[in-house]
Amino acid sequence: DLDAVTYLDADKTMGIWNTTAEILIELGYQPGVNLRGAPYDWRTSTLSYPLDHYPRLKGLIEDTYRINGNRSVVITSLSMGAPYFLGFLNTYVTQEWKDTYLDSWVSMDGAFGGSTSALASVLNPGSIFGQGNSFFTEYAQQWLAVFRMMGSLTFMLPIGQIYGEDTVFVITKNKNYTAAEYVEVLLAAGANTTAQIMRDVLKQGMRNQRAPGIAVHCVYGSDVPTPYQLNYTQRGFNFSPVVNLSSMS
């Protein structure tokens, strides 16, 4: 079951956990026994998590616990895997279950607070993804249509609980939009389907974060210039924004 998480593609050209898995195997971990992968579809919205993803994850953890002599499990996540797993801990399992089956959690580059890049993806991503990459610039409108149908990006918009609900993330000629106004800015940009997904995700409450109830070890960078604000003042949502950078750590 490691194949689903070591590489993003069947041709093994885009690695994810491949190097980490190789190191752990060299240290004596056994794939399928005490080294297992928990893939999920990172394109779908959180609405599908309790129906499909979380039941499979819960079963995998319980099975790993059992086949290793009832030893509690260490979870490792990457990027969006952090809020995905936090949602699992906050909404799907009890504290008693966590105390029994989980030892700890290692978050690698966990995007707990969301990402301004995700916001740009559903408004107009050109300036973030397009520079020096003709694959994005040549098919910009097609990519925009794809991103607006990826419900997961609504989960990854910067979280006001962390940055402040009144924090401005989008600047336009007529209005500045804060973390509390994502539905409004999506509608203004013409992303109507994304706005409806956002409404449903907000009602679900998965973006409301709480302490996970287990030991957590976070590995992350700092002082890295990161997209912070998107300025569409000059030419509106039909063109790439001016991107304001900041260190988000």
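Biologist: Which strands form the open sheet, and in what order?

Modeller: Three strands form it, in the order 1-2-5, with parallel pairing. Before we go on, this is a predicted model: local features need pLDDT of at least 70 and side-chain atom pairs pLDDT 80 or more, while totals for chains, interfaces and linings use all residues. Residues are numbered from 1 along each chain as its sequence is written, and side-chain values use heavy atoms, leaving out hydrogens and water.

Biologist: What makes strand 1 and strand 5 edge strands?

Modeller: Strand 1 (73-78) and strand 5 (215-219) each have a single partner strand, so one side of each has no neighbour in the sheet. Strands here are DSSP runs of E with at least two residues, and helices are runs of H or I with at least four, numbered from the N terminus.

Biologist: How do you know that strand 1 pairs with strand 2?

Modeller: Two strands pair if DSSP finds at least two bridges between them. Six bridges join strand 1 to strand 2 (residues 102-108), so the pair meets that definition. Val 73 stands opposite Leu 102 in strand 2.

Biologist: Why is the pair of Tyr 163 and Phe 169 called edge-to-face?

Modeller: Rings of Phe, Tyr and Trp (its six-membered ring) pair if their centres lie within 6.5 Å; planes under 30 degrees apart are stacked, over 60 edge-to-face, and the rest tilted. Here the centres are 5.9 Å apart and the planes are at 75°, so the pair is edge-to-face.

Biologist: Is Tyr 163 buried, exposed or partly exposed, and what about Phe 169?

Modeller: Buried means under 20% relative accessible area, exposed over 50%, and partly exposed in between (1.4 Å probe, protein chains only). Tyr 163 has 27%, so Tyr 163 counts as partly exposed. Phe 169 has 0%, so Phe 169 is buried.

Biologist: What makes Lys 175 a charge over the ring of Tyr 177?

Modeller: The rule asks for NZ of Lys or CZ of Arg within 6 Å of the ring centre and within 35 degrees of the ring normal. The charged end of Lys 175 sits over the ring of Tyr 177, 5.4 Å from its centre.

Biologist: Which residues does Phe 88 touch?

Modeller: Contact means heavy atoms within 4.5 Å. Leaving aside residues up to four places away in sequence, Phe 88 touches Tyr 54, Leu 57, Lys 58, Ile 61, Val 93 and Trp 97.
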